[in-house]
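Colleague: I would like to learn how to read pockets and aromatic contacts in a model like this one. Could we go through them together?

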Amino acid sequence: MAILGIDIGGSGVKGAPVDTVAGELLEERHRVPTPQPSDVSAVIDAVAEVAERFPGYERVGVTFPGVVVDGVTRTAANVDKSWLDAPAAQLFADRLGAPATVLNDADAAGMAEVAFGAGRGQRGLIMMLTFGTGIGSALFLDGTLIPNTEFGHLELDGHDAELRAADRAREAEDLSWEQWAGRVQDYLRHVEMLLSPRLFIIGGGVSKKSDKFFPLIDIKTPLVPATLLNNAGIIGAAVTAQLAAAPAPTRS
């Protein structure tokens with residue numbers, strides 16, 4: 001079964017067909033800019049433009065930067081408000097002509113890391129955090145996703161944590177790595193206090209520069225960079241689409 005993964009990000013929409021057994025892209029990914037404004041019709045057009053590069057797919061997995069429940073987008077913190085309560089899975093399926101599965105972008109990245117990357121084989125409570133335009137979170141218990149956690153919106157210093165500690169805040173405020181790492185440390189300690197996870201997996205584009213800030217962070221929980229980098233969302237979306245296609249187990 002040819003499965004296409006598409007990742008909707010704050011700056012780009014990117015996708016590729018995925019080998020969901022090996023956790024690898026089958027072709028070089030294609031990327032188009034995220035439209036501004038990022039309303040429903042414009043983003044669907046962008047997703048369709050990416051999908052057109054890869055004819056022959058049978059199912060599509062799509063990530064979304066917000067809460068997704070049963071294929072409906074319930075929040076829209078970093079995209080146009082027209083996405084609130086949009087039937088996203090049905091809209092994508094209608095436009096692309098194939099069954100579509102939609103899930104939160106951090107959840108998708110976490111799915112990929114737990115299946116093929118830094119979280120593979122890890123038991124207990126594992127948390128994936130993506131630092132980019134905002135802070136995305138994905139929580140796993142013994143490898144099973146607990147979806148739509150949205151821990152990037154925890155309060156930190158009287159603000160949404162992502163407004164203080166996302167990579168966008170580092171860039172917008174021209175923070176040094178030391179200044180930003182202090183904010184990230186405060187955030188991670190707060191999450192530690194609430195959940196006591198066994199492992200933090202740090203993703204997002206900034207994970208490629210983990211050597212610049214990991215040594216500056218002093219917390220109890222082990223901290224590792226994501227290994228699939230910018231392909232994690234694409235791979236996780238495709239894996240989720242494949243799981244959705246699997247027949248339900250029969251009861252004996």
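**Pockets and aromatic rings**

Modeller: Please keep in mind that this is a predicted model. In the largest pocket, 43 residues form the lining, and those lying nearest its centre are Gly9, Gly10, Gly132, Thr133 and Gly204.

Colleague: What volume does the largest pocket have, and which element supplies the largest share of its lining?

Modeller: The volume of the largest pocket is about 960 Å³. Its largest share of lining residues, four of them, comes from α3, while the elements that each supply at least two residues include β1 (3–8), β2 (12–19), β9 (125–131) and α8 (232–245). By residue class, the lining divides into 13 nonpolar, 19 polar and 11 charged residues.

Colleague: How should I read the second largest pocket, and which element gives the most to its lining?

Modeller: The second largest pocket holds about 160 Å³ of space, and β8 gives the most to its lining, with four residues; α3 and α8 each supply at least two residues as well. Among the residues that line this pocket are Val68, Thr101, Asp107, Met111 and Leu243, and the whole lining divides into seven nonpolar, four polar and one charged.

Colleague: Turning to the aromatic rings, how many aromatic pairs does the structure hold?

Modeller: There are eight aromatic pairs in the structure. A pair is read from the distance between ring centres and the angle between ring planes, and planes over 60 degrees apart count as edge-to-face, whereas those under 30 count as stacked and the rest as tilted. For Phe64 and Trp83 the centres are 5.1 Å apart and the planes stand at 50°, so this pair is tilted. It links distant parts of the chain, 19 residues apart, with Phe64 in strand β5 and Trp83 in the loop between β7 and α2.

Colleague: Is Phe64 buried or exposed, and what is the relative accessible area of Trp83?

Modeller: Phe64 is buried, at a relative accessible area of 1%, and Trp83 is buried too, at 0%. By contrast in geometry, the rings of Phe131 and Tyr187 have centres 6.3 Å apart and planes at 85°, so that pair is edge-to-face. Because Phe131 lies in strand β9 and Tyr187 in helix α6, the pair ties together parts 56 residues apart in sequence, and both Phe131 and Tyr187 are buried.

Colleague: Which residues form one aromatic cluster with Phe131 and Tyr187, and where does the charged end of Arg170 sit?

Modeller: The cluster consists of Phe131, Trp177, Trp180, Tyr187, Phe213 and Phe214. Arg170 lies over the face of Trp177, at 4.1 Å from the ring centre, and its charged end also sits over the ring of Trp180, 5.9 Å from the centre of that ring.

Methods
Residues are numbered from 1 along each chain as its sequence is written. This is a predicted model: local features need pLDDT of at least 70, side-chain atom pairs count only at pLDDT 80 or more; totals for chains, interfaces and linings use all residues. Side-chain values use heavy atoms; hydrogens and water are left out. On a 1 Å grid over the protein atoms alone, a cavity is a set of points where a 1.4 Å probe fits but cannot get out, and a pocket is an open set with protein on both sides within 12 Å along at least five of seven lines; lining residues have an atom within 4 Å of a point. Grid points are joined across faces, edges and corners, and a volume is the space filled by probe spheres set on the points. Ala, Val, Leu, Ile, Met, Phe, Trp, Tyr, Cys and Pro count as nonpolar, Asp, Glu, Lys and Arg as charged, and the others, Gly among them, as polar. Rings of Phe, Tyr and Trp (its six-membered ring) pair if their centres lie within 6.5 Å; planes under 30 degrees apart count as stacked, over 60 as edge-to-face and the rest as tilted. Buried means under 20% relative accessible area, exposed over 50%, partly exposed in between (1.4 Å probe, protein chains only). A charge sits over a ring if NZ of Lys or CZ of Arg is within 6 Å of the ring centre and within 35 degrees of the ring normal.
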